[in-house]
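Please read these notes with the structure open beside you, and check each point against it as you go.

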Amino acid sequence: MLQTAWGSPPGSWALRESEHHRGGRKRSWKCRLFRTIIQHPCRRHAPKRPGKARMLRKIQICLCFCFVSGLLYEISLLSSCVFNYLPMSQHYLTPEQVLNLGKSIIFLETTERLEPPPLVSCSVESAARIYQDRAVILFMKGLTNETALDLNTSYAAFSLLSSMKNVFIFPLQMESVFQETPLLQWYNQVDPEQEKNWVHVSSDASRLALIWKYGGIYMDTDVISIRPIPERSFLAAQKSRFSSNGIFGFPARHKFIWDCMEDFVLRYNGNIWGNQGPFLMTRMLKTLCNLTDFQGTEDHSCQNISFLNPQRFYPIPYPAWSRYYQVWDKSPNFNHSYALHLWNFMNHNRKAVVAGSNTLAEKLYKAYCPTTYEDLIQNAKQREFPGSEDDI
């Protein structure tokens, strides 16, 4: 199902279905059949009939019950059926409706750019592939009520991401996100023009509010997912006794996240990079737990919060971030990792994945976001250096 974000009236966000599904005319057979069963349910009671007829009726009822039970179970596993069943050309989905499906994977783009670069596309694609039963949402500040994007856009990444059945792209409207949280008053008082770290500070605030209100997993847009995270309430250790805020997950309305939002406002200092991000997470975790060094690959747990080993997301630490863009004699297997953080903030020289370079990053793209690799990396090289077999 192809989806794209469209401008909508203030206070609401909209999601539009592609022309292929306009008017809700074409839905998956499972959803059509499910609706038919609801409209024509199996009778629980039937008048008494001769023995053979009653036996046939019982068999029909049993088959009907088994079929409906199996269908409901499959629907519970395949969120795509829920998305396909909704006639979205008539009833627009808001972020709240998608987030309320539960266990969403959330990404944020708090710059004004409208074209997701390959690393962002790879992060979203890899999550969509690993978490196929969850909604994967990219919130973009650059999308506004006046912005309309469709599949004919020149932004290749939008077409790529919109083609994924469980990926949704929405405008990031911070005032709406901060409603009913301690962050709203701060947001109404702060002057973004006077904040030197506003892109990072606003992202730190938005991820806290979204996870508190809806639950799920937040990931930075330079995180490549490689296997599912089994924990529900967790923080990611960047190193011993120090927590990252680049990846974390909690159920909705979790007290730890509420306390983090209160501390965000109470100790706000936008001039110190990370004060509202990893330093906030670390100091709040220390109020609950006696943090100790990690030994081997074990995780720590405190107050029903898992503090995951640095190997889970940061097997290559930030001082060595450039190794992702180097050629390895033998690539690591990352058997102890759930995802890989590529440290894009450290990438001041703008190193990128290049087709044919054989770097570790290129291998990760090929393995975990192959569509991004083919469409945005390999095809870009072919456009830059056109040629054919006749030229060889």
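1. By class, the lining of the second largest pocket comprises 9 nonpolar, 3 polar and 5 charged residues, where Ala, Val, Leu, Ile, Met, Phe, Trp, Tyr, Cys and Pro count as nonpolar, Asp, Glu, Lys and Arg as charged, and the others, Gly among them, as polar. This pocket holds about 240 Å³ of space, and among its 17 lining residues Lys103, Arg134, Gly216, Glu231 and Arg232 lie nearest its centre.

2. Please keep in mind that this is a predicted model, in which local features need pLDDT of at least 70 and side-chain atom pairs count only at pLDDT 80 or more, while totals for chains, interfaces and linings use all residues. Residues are numbered from 1 along each chain as its sequence is written, and side-chain values use heavy atoms, with hydrogens and water left out.

3. On a 1 Å grid over the protein atoms alone, a cavity is a set of points where a 1.4 Å probe fits but cannot get out, whereas a pocket is an open set with protein on both sides within 12 Å along at least five of seven lines; lining residues have an atom within 4 Å of a point. Grid points are joined across faces, edges and corners, and a volume is the space filled by probe spheres set on the points.

4. The largest pocket has a volume of about 1100 Å³. Of the 44 residues lining it, His200, Asp220, Asp222, Asn344 and Phe345 are the closest to its centre. Its lining divides into 21 nonpolar, 15 polar and 8 charged residues, and helix H9 gives the most to this lining, with 5 residues.

5. Helices (H or I, at least four residues) and strands (E, at least two) are DSSP runs, numbered from the N terminus, and the protein has 13 helices and 12 strands. Why can H9 be called largely enclosed by the rest of the structure? The reason is that 15 of its 17 residues are buried, buried meaning under 20% relative accessible area, exposed over 50%, and partly exposed in between (1.4 Å probe, protein chains only). Just after H9, glycine 215 takes a positive phi of about 75°.

6. By the rule used here there are 2 cavities of 30 Å³ or more, and the second largest cavity has a volume of about 30 Å³. Among the residues lining this second largest cavity are Asn197, His200, Val201 and Asp204, as well as Trp273.

7. A nonpolar core is a set of buried Ala, Val, Leu, Ile, Met, Phe, Trp, Tyr and Cys residues joined through side-chain atoms within 4.5 Å. The largest has 52 residues, and those with the most contacts inside it are Met219, Ile229, Ile247, Phe313, Tyr324 and Tyr365. Helix H5 gives the most to this core, with 5 residues. A second, separate core of 47 residues includes Phe139, Tyr214, Met261 and Cys302.

8. Contact means heavy atoms within 4.5 Å. Leaving aside neighbours within four places in sequence, serine 337 is in contact with Ile226, Arg227, Gln311, Arg312 and Pro315. Serine 337 lies in the loop between strand S11 (305-308) and strand S12 (339-341), and it is buried, with a relative accessible area of 1%.

9. Over the whole protein, 49% of the 392 residues count as buried. Among contacts between residues at least 6 apart in sequence, 75% join residues at least 24 apart.
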